Amino acid sequence: MFKKKIDLFKLFGFTVSVDASWLIILFLVVWSLAKGLFPYYYPELPERTYWFMGIIGAIGLFVSIIIHEFSHSYVARINGLRISEITLFIFGGVARMKEEPGSAKVEFRMAIAGPIASVALSLLFAGLYLLSNSLGWSTPTTAILGYLSGINMLLAVFNMIPAFPTDGGRILRSILWWKTGDIYLATKIASRVSIAFSFAIVFIGFLDMAGGNFIGGLWWILIGTFLFNAANMSYQNILIERSLKGKTVRDFMNPNPIIVPSDITLREFIEKYVYRYHYKMFPVMDDGRVLGIITAKNIKTVPRTEWDNRLVREFIQRAGPENSIEPDTDIKTCLSKMERTGLTRLLVMEDGKLVGIVTLKDLLEYMALKMELEE
Ligand SMILES: [Zn+2]
């Protein structure tokens, strides 16, 4: 839904970050606790106390979600999967894996770890709540403990909705995967089920709204839409993953890229190369030796009047690890390099020699064609 995320802290080697949507949610949680839930169940406390309880409750929820995600990550790690970061999303979190789980069993264990942690937290808070009640701890303490017990149970239930890529969806997929032995087929079925669920949730939202519960209905619609997007995206991811499996840069590179000589003027470069081919980056070579690259961005600041007396040579950026890649590199590594550097064209270098150029456009076209022909 939102792409912005904010890194918070590092714990046991995992980077914990929040999706921008979470900040809005955090505010909504504090607000609805302070103005709704706590005054409803515990009337006659001072206004300031409700806000204080709301903030503590929201922090408790936040910590609970992190514990939920950590349990996924922990199980992933003891099963040999690498988890790089944990992002908190709209109603829960996503532990981002660097790779898909290797077997149905691992995926099942990993997925179920989160809801188990949430149920355990819920029981723990329920115990404390009862203790607080019987020992006569302060009303706000009792209220917050009761809330945390309830919200953790709700989190467990929500995450068990079989809408991929939630935990329930992953559990469903792992069972299908185990039964069929085919992860792609399992993902396909799990995504269909998820999409059906997300439509049902949006539908409930509209019914709720029609029945007069506007805010409640809006929540359902928001969650349904989020699940729909997520299910769609994760299915596409797995298709892309499949179409790129085992492929290297060599499979996609253009071995005869357009080369620019270093001794032409900027005007010649712009008219004969940039306007003609519309590429953002060209390799610059002299006598078969790569000097580096020239990009349209590099020369943007040069005024037109100087185009005739400045040479390409002056604007060369050295070829180096940041703008080049080796031909035997895995294509997924190449894609993440493009994503990281923002470069859509990379030089393909082997033993200091230019052997081709690899472009994001070619990769995307290949993936689109492959999906069109095989689905
Ligand atoms: Zn989970």
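A368 is exposed, with 11 other C-beta atoms within 10 Å. For the cut-offs: a residue is buried if 20 or more other C-beta atoms lie within 10 Å of its own, exposed if 12 or fewer, and partly exposed in between, with C-beta atoms placed from the backbone. A368 lies in helix α11, residues 360-374. Helices here are DSSP runs of H or I with at least four residues, strands are runs of E with at least two, and both are numbered from the N terminus. Along the chain, A368 and I240 are 128 residues apart, and their C-alpha atoms are separated by 9.0 Å.

A word on the model. This is a predicted model, in which local features need pLDDT of at least 70 and side-chain atom pairs count only at pLDDT 80 or more, while totals for chains, interfaces and linings use all residues. Residues are numbered from 1 along each chain as its sequence is written.

The pLDDT is the predictor's confidence in each residue, from 0 to 100. For the protein chain the mean is 83, and 92% of the residues reach 70 or more. Where is confidence lowest, and where is it highest? The lowest is in strand β4, residues 92-97, at a mean of 52, and the highest is in helix α3, residues 104-135, at 92. Where pLDDT is low, the predicted coordinates should not be read in detail.

Next, the division of the chain. There is a domain 1, residues 5-160, and a domain 2, residues 249-374; the bounds come from an automatic or database domain assignment. The C-alpha centres of domain 1 and domain 2 lie 47 Å apart.

Now the helix pairs. Helix α1, residues 20-41, and helix α2, residues 47-78, have axes that come within 8 Å and cross at roughly 130°. The axes are lines fitted to C-alpha atoms, for helices over the stretch in contact, and the angles run from 0 to 180 degrees between N-to-C directions. α1 and α2 are therefore oblique to each other. On the scale used, angles under 35 degrees count as roughly parallel, over 145 as roughly antiparallel, 65 to 115 as roughly perpendicular and the rest as oblique. The crossing of α1 past α2 is right-handed. As for handedness, a crossing is left-handed if the near helix is turned anticlockwise from the far one by less than a right angle, and right-handed if clockwise.

α3 packs against helix α4, residues 139-159, at an angle of about 160°, with the axes 8 Å apart. That makes α3 roughly antiparallel to α4. α3 passes α4 in a left-handed crossing.

On to the sheets. Two strands pair if DSSP finds at least two bridges between them.

β5 and β6 form a hairpin with 2 residues between them. The loop between β5 (281-286) and β6 (289-295) holds D287. Phi of D287 is near 50°, a positive value in a residue other than glycine. Is D287 buried or exposed? D287 is exposed, with 5 other C-beta atoms within 10 Å. The bridge partner of I293 in β7 is Q317.

Another open sheet has 3 strands in the order β8-β9-β10, and its pairing is mixed. β8 (324-325) and β10 (353-359) stand at the edges, each with a single partner strand, so one side of each is left without a neighbour in the sheet. Strand β9, residues 345-350, runs antiparallel to β10, and 6 bridges join the two. L346 stands opposite V358 in β10.

The loop between β9 and β10 holds D351. Phi of D351 is near 50°, again positive in a residue other than glycine. D351 is exposed, with 6 other C-beta atoms within 10 Å.
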